Structures are given as structure tokens and as C-alpha cells.
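Have a look at it first, then read on.

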Amino acid sequence: MTDSSPSADRDRQAPSADPPERRTGRITTGFGRYLLKHVGGAAVSLLLVLFSSFFIFRLVAGDPIDQLTRERPVTPEQREAMRAELGLDQPMWNQFIDYLTGTLTGDFGTSFQYRRPIFDLIVERLPATLLLSGTGVVLAVLLGFWIGSRAGWRQGSRFDRTQVTTGLLLYSAPTFWLGMIAILVFARSLELFPVNGMRSPGTPDDFLSQAVDIGHHLVLPVLTYTAVVYAGYLMVMRSSILDERGSDYLTTARAKGLRDDDVRRRHAVPNALLPTITLVFLAIGNIVNGAIVTETVFSWPGLGRLFVQSIFYPDRPMLQALFVLFSSTTIVAVLCAEILYWFLDPRIRRAS
Amino acid sequence: MNGGKNGAAMSPRAVVWARRRRALARTWRDYRRQRGGMVGLILLGAIVLAAIGAPLLADGSGLSVTEATGGRMEPPSARFPLGTDEVGRSILTLTIWGARLSLLIGLTATVVAIVIGTLIGVTSGHIGGWYGWVALRVSDWFMVLPSLVVAIALLAVMGRSAVTTVVVIAIVSWSGTARLVRAQTLTVRARPYLERARVLGAGHWHLMTRHILPNVLPLVLASATLLVPSAILMESSLAWLGLGDPNIVSWGSVLNRAWRNGAVSAQAWWYLLPPGLAILVVVAAFMMCGRALEAVFNPRLRGGGR
């Protein structure tokens, strides 16, 4: 589904036979144009994200002064002072310019709920998110690709059927529910793991005890996250292997007398990996926001939980900043995948 | 099987319908061979029946917080086969009635998304030009954006109701359909019979509704069966985060109440299992049907070797 765009584009482009002596020169100019096209597209997408973030959170939502002052009475003068302090007395156009220059220079403003610069808060929370989703994504991709390539290679076998069924069942489970069940069983009932959070108070300050403590807290969230998403990678890898399975080059490899395992590992899998690159990069881009629900279930002190907390406050500058951050990381990740395809897939080079 | 010979005697419309009936019968014959698809279909049938017949299976007054008769988080008993929630309502009643809203929101959101996606896909593929380019860019943009983030942001500013939930889920899920339909429209457009229709003077509207749409729709419906489960999962996640309509009972909102009222620390497994398993079964059933349909349309995926 999500990976259909680049592969569909590649299918449409018929390989043309360029005279070999002219090819080098054309590749460089072709790459320039290819790069320009995709970087330009990404830049437009990023600009759209900035626009929509401003539009959604400033124009659609209500007056932030009402939200900020709901717990205490304020005089109209105080309200005006607050408006001036937040820059809300400016015309909308000036506000937008301020917002644009601020966001582009990393100045996201001040959080309503923490009364601190948003940039600092994001930097503070980022490592926890990277640790949880990063570990989760790596595990899910490796597990999914490993099982997927084996299942696709032996399509219809008992291994294929049980793996696909297990994967799809876990894929169908809501993340938050799986997390709650995991807490109930492994943390509350069996008391094997901590219930929530990332550190327990009173852990010695040395690096080793801290690492062990964080690792202990990390097990349940990572397993929950991986269990739900790995099936996606499994299915894509499986269908990609199915595409390659009947290819002539595999027959040749077999005719050379290679063992079946070697044919799969050294010939089929490298080619089958090609269409999955977008998906992997999308996963990398989603590392920053990929675990909103998991972080909320396990009270993990990361960006996803910060996002959810900001909704209920509501902390509009924070929401705006996180929305821009979450969206732009995926856009940049997809751009990286597209650039990588140029180097990995000769069909794209020839088509340009 | 009466197409060819007496086709000349039938009206064009009857010929078309006879052909469509035959195609449908063929699809059904292939579909029936998919074991997973049949299991999914039967499961779905049972759940839909339970959702429609909810008033017969469990008294609707059991949803009222004030008229609740049980104790706080009672474990399963003869009176409450699946125990009670924090105000003493039967979990069984909540789960059966929750099916209605969860299915309704998932299905409606999918229908809206499919309609938007098909509309934009067909028009952008057929008309092309500047409009087609812009439509393609916009759907690409929506495809890349993290859908849960966008959904949460939109719901946070649009307010919490069943209608906004449907709208928001549709907004984040139409783009895949648009791309699929656009690609299919482009291939259909290149076929000679479309050129023939154009030469005979058919307008854009006629071409799109009479020639392109009938060719695109089967594919759209097949992909819709895979959109429904993601819509249901999305609804449950949003409701669990507390962004659902506070006045309705869906599986996600039941689990949100369980979470907020400490069912996990109370180890009230009977409160957590039924709604969660219900989501899992419905989503899995839709995916089984979707995969079976995929296999029917794309024989490469069918079991067995080459």
C-alpha cells in the first residue's frame, strides 16, 4: 500500500538501450534533474506542512487566552498584555511570518503547560523516543524480513501458513490493548517487569545500573511495539520474494548447482529488498512519532506521550511544533529513499 | 453461459449485465476456494448479525450508568457472564453494543474515504493536466504524512464526536485509493474502446461514468476490504486516547474507561479481554476477506508452487 508509489513508477518506465559511450554524461545530468525534482517535491511538501500546521492550530482552534486563563479571573488589561506577549495582537499575516521564521530557525516558542522553550523540551524527550521506537523498528524490520523471505520462498508450506496467520493476528490487535494485557500479565501478575516509566527511582548513578534499569523498563514496550508492526514487513517481504521467485536468474543460479538456501540468500533476497526500501525509510522517518500509543500505555517519557498530553492541556505551540517535526521527518525519510533508489536501481537511471 | 450466440438479440444493457453477472459468479467461485476468506466472511456475518440484533441479545438499558445493577468491577459470575465495569454495568452488554458504533464508524469512514479517493483518482487520471498534477501531489502528501498524528491533531481542534471521527479517519485514508484508482484509470484510458467512444462523441462525464468507473470499481471494492480494518483500528486508538465521542459506547471507548479507572492495576482481565478481542477478531476477519479477494484478482498470490 504505502510502498506502491515508487515501484509503480518504475514499472511504467520502459528500459531504453542507450549507446554505452554516451551514458556516463547523461547519468550526471539525469541525476541532477532527478535530484532537483524530488528535492523540490519534498520542499513543497514541507512548506505545505508548515502552512497546514499554522492553519489547523491557529485558525481552526479557539482563543488560547481563554485556555490559558481558565483557572483564574483576569482583567481585560491583563488579557491584552498576554495577547501582546504571545504576539496574538499582531495581524494574522505577521503572525504567520513570525511563526515561519521561528520554526525554520528552531525557535518553536514557549510551551503553555511547561512554560519553557519547546525546543529544549523536545531535545530532552527525544532520546527516550529514539531508544524505544528505534529498537522496536530495527527488531520489527529484521524479524519481518527474515520470516517474510523464508515464508515467501516456501509459499503454501506449513511454515508459511503458521507465520502469516500469527503475524496477521498480532497485526490485528490494537497496540494499546496488547500493551495493557502485557502490563497486566507480565508486570502486575507475574511482576517480571516494571509497570511503566523509563527509570525507577533510587537506582545507583553508575552507567551500568542505569543501563540495566532502562533496559528492564524497555522490554515490554519494545515487545508490544514490535509484535504489532512486524507483520507489515513480513507481508511486504513475502510478496516481494513471490515476485522474484520465478525469475530466470534464479533458475540460472540453481543450474549452477547452488544450494537452495544460497539461491535465496544471495540471489533472491537482495533483489527482493529493493521494493521494500521505501517502507524501511518510512519506518525510520516514523521512529520519531511511531510509538505514540505505546508510549502512552507505558507512560514512556518520549515525544509521543508529550504530544498526547499536549492535546488535553491543550498546549497549542507544542502541538504545532510536534506536528511539524513528526510530518517533516517522514517527508525527509521518503526523500532519502527516493535518492537511494537512483543508486540502487539501474532502471531509474536509464529512464531519466 | 449464454453470452456469445444470442448476444445480438439482446439489448446492449442486457449484454453488459449478463457479462457482469457472469464475472461476479466467477469471482465468487474463486473466492469460495479461499479457506481463510470463507472463515473471515462467516466471522464477519456473525458479528454484523450480533451488532444488528444487539437489542435482542442484551437490554439497551444496561448501558446506562445510573441504572447499573452490578458492583464495581465484579469478576464473571452467572449473573454477569463477563463481569462488570467500574460502575457495575455488564461487560457483555457493553461489548455487544460496542460492535454497533465500532463497525458503523469503521464502515462509514471507509465509504467516505473510498468515494473521495475514487472521485479524485478518476478525475485526475482522466482529465490530467494541471489539475491531475496537483491532485497527484496532494494525495502523495497525504500518503506520506503520519496518519495517526494528523488524525489526533485534527480531532483535537475539530472537537470530539462520532461525525468528526468519521471525517478525520476519511481524511487520513483516502489517498491510497486515489493513487490506485488513478493508476487503473490511466491503463483503462489507453484501451482502444475508449478511443472508439471518444470518436463517437462521448463527453468526459460519459467516459468516466460508463467506461472507466465500471472497470475501476472491482479493484476499489477489493481494496476497501483492507481499508475497513485500518479504519476500525484507527477509531479504537483515537477513542482509547480519549478523543472519541464521550456519549457513545465503542470498543475503544470501553477500553479507555477501563484504562482510566485502573482495570489494569486491579487485574480486571474480564474488563480488558472482551472488547480487545472483539476488535482483533473483526480486524482479522476483514483482513482475511481482503487477502482472499486479492488472491482472486491476483492469481500469483494463490497457494502452491508454479
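Where the two chains meet in this predicted model, chain A puts in 43 residues and chain B puts in 40 residues. On the chain A side, several helices each supply at least two of the residues that touch chain B. Here they are, with their residue ranges:

| Helix of chain A | Residues |
|---|---|
| H1 | 4-12 |
| H2 | 20-60 |
| H7 | 158-172 |
| H8 | 175-189 |
| H13 | 292-297 |
| H14 | 303-312 |
| H15 | 316-344 |

Which of these helices gives the most to the side of chain A that touches chain B? That's H8(A), with eight residues.

Now step back to chain A as a whole. You'll find 16 helices there and zero strands. Chain A has 352 residues, and 36% of them count as buried. If you take the contacts in chain A with a separation of 6 or more, 75% of them come from residues 24 or more positions apart.

Over in chain B, let's pick out one helix. H6(B) covers residues 147-158, twelve residues in total. From its first C-alpha to its last, H6(B) reaches 16 Å, close to the 16 Å expected at 1.5 Å a residue. Its buried residues include B:Leu148, B:Val149, B:Ile152 and B:Leu155, and B:Ala151, B:Ala153, B:Leu154 and B:Ala156 are buried too. Just after H6(B) comes B:Gly159, with a positive phi of about 95°.

Notes
Residues are numbered from 1 along each chain as its sequence is written. Chains are lettered from A and ligands numbered from 1 in the order in which they are written. This is a predicted model: local features need pLDDT of at least 70, side-chain atom pairs count only at pLDDT 80 or more; totals for chains, interfaces and linings use all residues. Helices (H or I, at least four residues) and strands (E, at least two) are DSSP runs, numbered from the N terminus. A residue is buried if 20 or more other C-beta atoms lie within 10 Å of its own, exposed if 12 or fewer, and partly exposed in between; C-beta atoms are placed from the backbone. Two residues are in contact if their C-beta atoms, placed from the backbone, lie within 7 Å. The expected span of a helix is 1.5 Å times one less than its number of residues.
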